[in-house]
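Have the structure open while you read.

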Amino acid sequence: MRFSMVQAVLLAVLATAVPAYAKKKVPNRAAMKSLNAAVESYHRADFDGAMERFNRAIALYPDWKTAIAYRAMCRWAMGDKAGAAEDSEGALKLRPNTGQSFVGRGMARLIKKDLDGAQEDFEAAIEMEPDLPEAHYALGTVQSMRGNLPA
């Protein structure tokens with residue numbers, strides 16, 4: 001079977017594209033473990049320990065927008081507004097597919113004062129993972145920032 005030059009080029013392009021897609025890098029087990037430990041540290045208000053673990057997770061998988069977004073949340077809690085804003089820029093590009101990633105993007109939106117977008121993300125996180133504590137805390141923060149406090 002003979003191929004035209006155009007068909008040969010198309011086959012070559014497809015042959016290189018398929019392996020690249022199949023080899024798409026995802027966070028490895030060590031990165032996932034570090035992120036989970038960071039979130040646990042954050043919940044315990046061990047912000048220094050959380051930052052160390054967030055940084056480790058990001059070092060293991062630099063393009064991990066969820067980890068970057070959570071680090072923004074931790075930086076914000078520690079009073080590092082400039083660092084939180086920097087992390088938020090990357091986290092805003094996040095396309096959420098888990099409760100954690102919705103919280104991450106929501107925190108980035110919250111830091112950027114997009115309360116409507118943040119609320120949507122936190123509500124989506126709660127719908128997806130009803131037991132995710134940071135989604136509930138963050139949604140409460142949005143309500144508080146809007147002045148919707150219980151009497």
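Predicted model: local features only at pLDDT ≥ 70, side-chain atom pairs only at ≥ 80, totals over all residues.

Let's start with R105 and D121, which form a salt bridge with their closest N and O atoms 2.7 Å apart. R105 sits in helix α6 and D121 in helix α7 (residues 115-128), so this pair ties together parts that lie 16 residues apart in sequence. Both ends are out of the solvent's way in the accessibility sense: R105 is buried, and so is D121.

In total, the structure holds 10 salt bridges. Another one joins D87 and R75, whose side chains meet at 3.3 Å, N to O. Here D87 belongs to helix α5 and R75 to helix α4, so the link ties together parts 12 residues apart in sequence. D87 is buried, at a relative accessible area of 3%, and R75 counts as buried too, at 16%.

## Helix α4 under cover

R75 brings us to α4, the helix it lies in. α4 has 13 residues and reaches 18 Å from its first C-alpha to its last, close to the 18 Å expected at 1.5 Å a residue. It's mostly covered, with 10 of its 13 residues buried. Among them are R71 and R75, along with I68, Y70 and M73.

What does the covering? The list includes α2, α3 (47-60), α5 (81-91), α6 and α8 (133-145). After α4 comes G79, which has a positive phi, near 90°.

## The largest pocket

The largest pocket has a volume of about 580 Å³. Helices α2 (29-43), α4 (65-77) and α6 (99-111) are the elements that each give two or more residues to its lining.

How many residues line this pocket, and which lie nearest its centre? There are 19 lining residues, with Y61, W64, T66, L94 and N97 nearest the centre. T66 also turns up among the buried residues of α4.

Note on methods
Residues numbered from 1 in each chain as written. Heavy atoms only, no water. 1 Å grid on protein atoms, 1.4 Å probe; cavity = no way out; pocket = protein on both sides within 12 Å on 5 of 7 lines; lining within 4 Å. Points joined across faces, edges and corners; volume = space filled by probe spheres on them. Helix = DSSP H or I, 4+ residues; strand = E, 2+ residues; numbered from the N terminus. Expected span 1.5 Å × (residues − 1). Buried < 20%, exposed > 50% of the residue type's maximum accessible area, 1.4 Å probe, protein only. Contact = heavy atoms within 4.5 Å. Salt bridge = Lys/Arg side-chain N within 4 Å of Asp/Glu carboxyl O.
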